Structure formats: structure tokens, C-alpha cells
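Trainee: I have a new model open and would like to go through it with you. Could we start with the pockets and then move on to the rest?

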Amino acid sequence: MHTSYTIVSVKVLKMINIKSFYCMLRVPLIFIIDELFKSSFGSPNSSDEINESTQYYIVFFKIIVPCLIFFSSLCLLILPNKYLFVVYLHVASVCIVLFSYWTNIQTLLFLSTYYKTIKADMINEIITLSDFIIYFFTKSELYQLLSNYLIQYCLSLVFEFAHVFTINHSVPDIFRYCFFLPILFASIFKTGTILNMITIFSTLVQLFTMLKTLWLNVPIIKNLIRDAYDFAQEIITNFGVINLIRREWYRLRMLRISTVLRIFWVTRVLIQILHNQAYIELQNETLFGAVKYLLIKGSDTFTAVLGMTCFLSFFCECIEVVLLRVLLVDEFDGIYSGINCAITFVIMALRSGLTGLDPEIRLKQIYGSIYLINVVWQHYIHKIVHKLLISLNDSHNSSFNRHLRPLLVCGYLLVSAVTILVYLWSYYLYSDWLLAISCLYIITIIKVLVTLTVYSLLLIDIYSTIPLENLDEYVYHINFLGDMVEFNLSIYFLPQNILIMVLTPGDIVHAFITCLQVYSKICFFKNKMENFAKRYTALKKMRSLPQATSSQLSEFNDICAICYQNMRSARITACNHYFHSECLRKWFYIKDLCPMCQTSVFFRSKK
């Protein structure tokens, strides 16, 4: 019997999408955690709620129980799929026992009322077939017994399936017959006391079966906890804590927690719509007003913010996939823009305390976060387009279609950034936030213009009969100028953030983000200056070598040993080797020896 149930369960699971099924199993756990966040984990709102000293243990109990429920839900949320399914089967068993008890009690109440109100001439009142049908389905004792029997039979099958799946052996028939005991005795005993005792007895037997099954699963739970502890200890000992965190993060990605949070947030918003559709405040609102209302209600808890973050991340990834198909690119560096957008939104929510703000202020903060996410997404798309345009020029791709697509995306980035800037300065008052967002969109415009300028220079160099000798210098100085303008715009508000961090030492999130910004800007400036100094030194070394004349080049009549290209101009080393100026400059980044004979390339100064 248990083999047939196992085969049926496997077939049922194969008929549905397994990944989506396990995602749906985790959604109720998120709702439980969300309700705990709504109730502030049972903590009192003020000290007025505690009037006497004897009430402290009640408040303590109200706080401890929600915390235990929270940690239990969190553990179940990250539980592997097969164990989570077993937990749900145990929960289903409890619900089946309670529902069976409730249906038996309702049937007994109906029968007791029926026996008290039945009349001898009730059958004589049935004249037509319709009267009989109405009597059978509303007042008949037989119909109530048969319907309850059918319900108990279905419940017994589900109960047996749950136990067979968890302990892998069948349940004795005596436990299955306990579902039908109240129905069998209902036709014999007419007194309610005996029937109630039989109903309670059958329910206790079912609970005993469930506890027995749970007890048989205790060794599995112990082995699971022990194996998890041993595995974590082994990873920490051999590879360190960082590798353990990385491995667990990868496991959470395999559990598709982001999909679970996204389903939770969409379901929560739909429930909010259905719950408030009869309210006047939503009936008289426009579509934009309803969206504002749902954004406010959809970000009132931390779990709701995480769900909204996953939804925005998914939306950005969908647009990114469309643009990648437009650009004829399959994937870019294996990282999607949705991750960067999600991190940005969560940081902004933590920094501003989004869940604790007033509705109107919260809505403004969400708008500001969306503008910031749009900037992050545009920077990511620009990075893709920049590399694509440079690679097309390097590979000498002459396809007009391949060049037109990234150029159109660049045009879209320019138009969208300028449009948003015009909109912001037209409808928002002057503030530090407006200046900060404007600086970010100006950086986007500068990035796109730098990309188009470099692309134009490379295109001119390809199709020009006379190649640009100093092309590499032009490209470097244009990129360096764009980086410096971006650096100056990005540090414009850094002193103000440092001042806020000093004046509000309790704001840990703001202090951490400010320190991270300072560190990243210092590293960025340091790397750019080091590259500039290295380039300047290499350029100085290259210019110290003599320039080859046209007669020397014609006499040499060979290619550059570094790039294997013909030479229209060259520099002569001390060992009498000829190289391109740009090739030598790049070579000086590595060493000062000749690429061919490995001797010094510089002429010794005469005393």
C-alpha cells in the first residue's frame, strides 16, 4: 500500500513545476514573518500598556513567543526542499485531524436537532419529486451521514498518504477506521453524550498516530542538525568563515528566495487590493492614486521592502534581457543589473528607515530610490554598450546593423537622462537631494558622450588613409577627463555626508555607507593617479629615444616586433631595434629592457 502511495506522490510532483511548487510552499512562512514585523514582535507600544508589576510576565510571554515563531519560520524558510515538504505534511495532518473533529461535531449537532424536531407526519408532506429532493438534501438524516462519511473517507486517505510519505510504511487499519467511528455509532446511539465521547476518542487516536509519526522522525531531525553542524565546522576549519557564507549564499540562491519574496509581495498587494476595493478612498482614486496607495501599503514592513526590492530587481532584469537581445549580446560578465538595483534599494531603505516614515514621506523616499535605481541601471547598460562599441572597432566589424544597435541605445540613454533632468527641475523644489540626483544623471550623460567620442576617434582611425599617430593619447586623455569630471561630481556631497555622520553618531547605517563611499573614492583617485604617473613615466622614457627618419625606415623595411604591423614611424633603441612609439610606451609599463635582445633600450649619457 505504501509503495502505491509513493508512486502516486512522485507522479503528482512530476505533473507540476517542482521549483514553482517549492517556492509556493515558502510563501506562507514569509507571511508569518511579515505579520510578526507588523505587530513589532508583540512589544508594547508604550509604557502605559503596563500598569502593574504582575503584568510584566505577560508582556515577556508576548515577546518571547513571537521571537520563537520568527526563528522557527526563518529556519523552515531556508530548509532544504525535501524536509520542508515533510514539515508541511505534518502540518496538514494536524489540520486534517481538527477538520475531521469539526465535521463530526457539526454532524452530531445536526442529528441531535433533527431527533428533537422530527414529526411523525413529516413523510406525508412529501408529495412531488421536488419535495423529496428538497427534503433529502436539507432535512434527511441519511444525507448528513453519507456526506460526512464521504468527507471522512477523503480525510483518511490524505492522512494516510501524509504518514506513508513521512515514515515510508503504511498505517494500521484501526487508525484509519477511527475517522468513521462517530458516523457508525451515530445511527445506534441517540444520546449526545456517548457520541461526543466517541468523537473525542477517535480524535485522540488520530493525534496519537500523528505524534507517533513525529516521534519516528526525531532521529532524522537529529541527524540533519548534526550533519549541518559537522559540515559547517569542517568548512570553517579547512576554508574559513567567508567560504561558508559564500556556500550558504549559493544554497539560498538555489532555493530561489528572491522568487519567493517576489511572489509574496505580489500576493500581498493583490490581497490589499481585494481587501480595500470596497473602500471609498480607492474607488474615487485614479490609477496613479491607487498605485501610490499600494506603494505606501506595500512598504510598511521589512519583509514587504524585501519583496518590493525583488520585484524591482526582476523588472530591471527583464528590461535588461530585452536590451541585450536588441544588442545581439547573450550575456555580460555573468552579472545582472537586478542585483545592483536590489542592493541600492535595500541600502536606501535602511538608510532612511523607510518602514517607520509617515506615508507621504515614505512615498517620496520610494520615488527617490526609483530615480537612483534608474541611474544604476543606466550605468550598467552604458558599461555593456561601451565594451560592445570598442570591441566592434577592434574587430573591424563592418556590419551597419551591429553598429547601429548600440548607438541607438546610447541615444536612448542620453534622451532619457536629459528628459528626467528636465522633469526633476520642473516639478521639484531646489534641495540637496535634487542636486545629488542631478549629478548622477549628468555623470550618465558624460559617460555616454565620452563613449561616443572614443568610438568616433577609433572609427576615423580605421577608415582614414592616414592613421592617427597619437590616437592612444587622445583616447586616454578623453577617458581621463571624463573620469575626473565624474570623480568631482560624485564627491560633491561627500563632505556633507561626513558632517552628518559626525553629528549623528547613532546612525550606524549612514556611517557605514559614508565610510564605504570615502574608501571607494580614495581607491578610485589613487588608482587613477597611479596609472597617470605610470603613463607619464613611460611616455617620458619613450620620448627620450630618437625618432627614426624616413630613410632609416625604408632601409629597415620590416614590421614592429611587438604588434607585427607595418611602421610609418618608429623609435630607435640603443640596441638599434625599431618599434612603434605606442608599442614602446606600453612595453615600458612592464620593463625597460628591449623586447628582442633583453638589453637596455636607453643610450648611456656621455660624461
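Trainee: Which domains does the lining of the second largest pocket draw on?

Mentor: This is a predicted model, and in it the lining of the second largest pocket takes at least three residues from each of domain 1 (22–42 + 53–123 + 133–225) and domain 2 (270–468).

Trainee: And how much space lies in that second largest pocket?

Mentor: The second largest pocket holds about 1,400 Å³ of space. It is lined by 34 residues, and those closest to its centre are Trp249, Arg253, Ile257, Ser258 and Cys310.

Trainee: Which elements give two or more residues to the lining?

Mentor: Those elements are α2 (18–38), α3 (56–77), α11 (241–254), α12, α15 and α16, and the most comes from α15, which gives nine residues.

Trainee: How does the lining divide into nonpolar, polar and charged?

Mentor: In the lining of the second largest pocket, 23 residues are nonpolar, seven are polar and four are charged.

Trainee: Changing topic, which residues touch the most other members in the largest nonpolar core?

Mentor: That core has 47 residues, and Met308, Leu327, Ile381, Val385 and Tyr441 are the ones that touch the most other members. At least two residues of this core come from each of α12 (257–276), α14 (287–297), α15 (302–326), α16 (337–352), α17 (359–394), α18 (400–427) and α19 (432–463), with α17 supplying the largest share, 14 residues.

Trainee: What is Ile381 in contact with, leaving aside its neighbours within four places in sequence?

Mentor: With those neighbours set aside, Ile381 is in contact with Glu320, Leu323, Val409 and Leu413. There is also a second, separate core of 18 residues, which includes Leu539, Leu545, Met567 and Ala570.

Trainee: I also had my eye on Asp483; is that residue buried or exposed?

Mentor: Asp483, which has its place in helix α20 (residues 471–490), counts as buried because its relative accessible area is 18%, and buried means under 20%.

Trainee: So what is Asp483 in contact with?

Mentor: Leaving aside its neighbours within four places in sequence, Asp483 is in contact with Phe524 and Lys528.

Trainee: Last one, how many helices and strands does the protein chain have?

Mentor: The secondary structure of the protein chain comes to 24 helices and two strands, and of its 607 residues 35% count as buried. Among contacts between residues at least 6 apart in sequence, 70% join residues that are at least 24 apart.

Notes
Residues are numbered from 1 along each chain as its sequence is written. This is a predicted model: local features need pLDDT of at least 70, side-chain atom pairs count only at pLDDT 80 or more; totals for chains, interfaces and linings use all residues. Side-chain values use heavy atoms; hydrogens and water are left out. A nonpolar core is a set of buried Ala, Val, Leu, Ile, Met, Phe, Trp, Tyr and Cys residues joined through side-chain atoms within 4.5 Å. Buried means under 20% relative accessible area, exposed over 50%, partly exposed in between (1.4 Å probe, protein chains only). Helices (H or I, at least four residues) and strands (E, at least two) are DSSP runs, numbered from the N terminus. Contact means heavy atoms within 4.5 Å. On a 1 Å grid over the protein atoms alone, a cavity is a set of points where a 1.4 Å probe fits but cannot get out, and a pocket is an open set with protein on both sides within 12 Å along at least five of seven lines; lining residues have an atom within 4 Å of a point. Grid points are joined across faces, edges and corners, and a volume is the space filled by probe spheres set on the points. Ala, Val, Leu, Ile, Met, Phe, Trp, Tyr, Cys and Pro count as nonpolar, Asp, Glu, Lys and Arg as charged, and the others, Gly among them, as polar. Domain bounds come from an automatic or database domain assignment.
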